[in-house]
Amino acid sequence: ISSQVANPTPSHHKQHCRELLQALLTASGREERHEWSSRVCHWLAHWIPSLHEVRTIATYAALETEVDLGALHAGLQASCQFAYPLVVGRTLRFYRVADPNELRTGAFGVPEPDPRLHAMAGPDELDLCLCPGLGFTRGGVRLGRGKASYDSVLPQLPSTVFRVGIAFELQVRDSLPREAHDVLMTHLGTEEGVTPIPAASS
């Protein structure tokens with residue numbers, strides 16, 4: 001992906017970047033991704049407790065090529081509550097889930113919460129949001145999958161909420177397309193550690 005990307009960039013350029021990043025992820029091995037996911041969880045499990053004000057964490061159930069954060073829920077469930085996303089219409093809502101085994105199989109085979117069983121956690125109830133994506137930059141730009149689900153909720157989060165882009169290092173690029181409405185991450189979490197985005201987290 002070129003590091004010389006004009007800003008803002010037309011949607012077709014975003015799609016081109018998505019295709020390239022998805023190809024990189026698909027080419028990576030399942031065992032590699034499992035090991036990388038374990039390391040991401042390791043770093044997050046050490047970093048999050050240092051943020052003493054964090055009680056409710058927005059997480060997600062991973063797609064095949066995404067960072068799997070299941071071990072993080074298991075490791076921090078005694079001290080934090082976790083909320084999982086559900087697409088409702090054109091927006092994303094989070095619901096508190098004590099046990100990931102309670103998630104039901106939803107659209108595209110992705111586990112999701114059941115509003116009949118799980119209480120909703122509004123944007124102002126979240127302390128930290130772990131955001132998946134196809135690509136990120138170290139400047140905090142996030143490139144999603146094109147469905148705009150997170151684009152609908154990120155602007156609603158209070159400025160005090162930590163917005164952590166979750167990815168493998170191969171997904172971190174020098175530059176990615178960004179539009180005016182795109183919300184920057186405050187931190188980036190990969191298998192190499194958790195790093196702050198100075199401009200966004202200051």
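**Pockets and sheet of a predicted model**

Helix 4 gives the most to the lining of the largest pocket, with 4 residues. The model is predicted, so to read it: local features need pLDDT of at least 70, side-chain atom pairs count only at pLDDT 80 or more, and totals for chains, interfaces and linings use all residues.
A: A pocket is an open set of points on a 1 Å grid over the protein atoms alone, where a 1.4 Å probe fits, with protein on both sides within 12 Å along at least five of seven lines. Its volume is the space filled by probe spheres set on the points, which are joined across faces, edges and corners. For the largest pocket this comes to about 940 Å³.

Q: Which residues lie closest to the centre of the largest pocket?
A: Lining residues have an atom within 4 Å of a point. There are 35 of them here, and the closest to the centre are Val87, Leu92, Lys147, Ser149 and Tyr150.

Q: How many residues in the lining of the second largest pocket are charged?
A: Asp, Glu, Lys and Arg count as charged. The lining includes Arg30, Arg33, Glu64, Glu66 and Asp68. The charged count is 5.

Q: Which strands stand at the edges of the sheet?
A: Strands are DSSP runs (E, at least two residues), as helices are (H or I, at least four), numbered from the N terminus. Two strands pair if DSSP finds at least two bridges between them. The open sheet runs in the order 6-3-2-1-7-10-12-13. One side of each edge strand has no neighbour in the sheet, because each has a single partner strand: these are strand 6 (120–121) and strand 13 (193–196).

Q: Which residue stands opposite Ala58 in strand 7?
A: Strand 1 (residues 56–58) and strand 7 (residues 128–131) pair in the parallel sense over 2 bridges. Opposite Ala58 stands Cys129.

Methods: Residues numbered from 1 in each chain as written. Heavy atoms only, no water.
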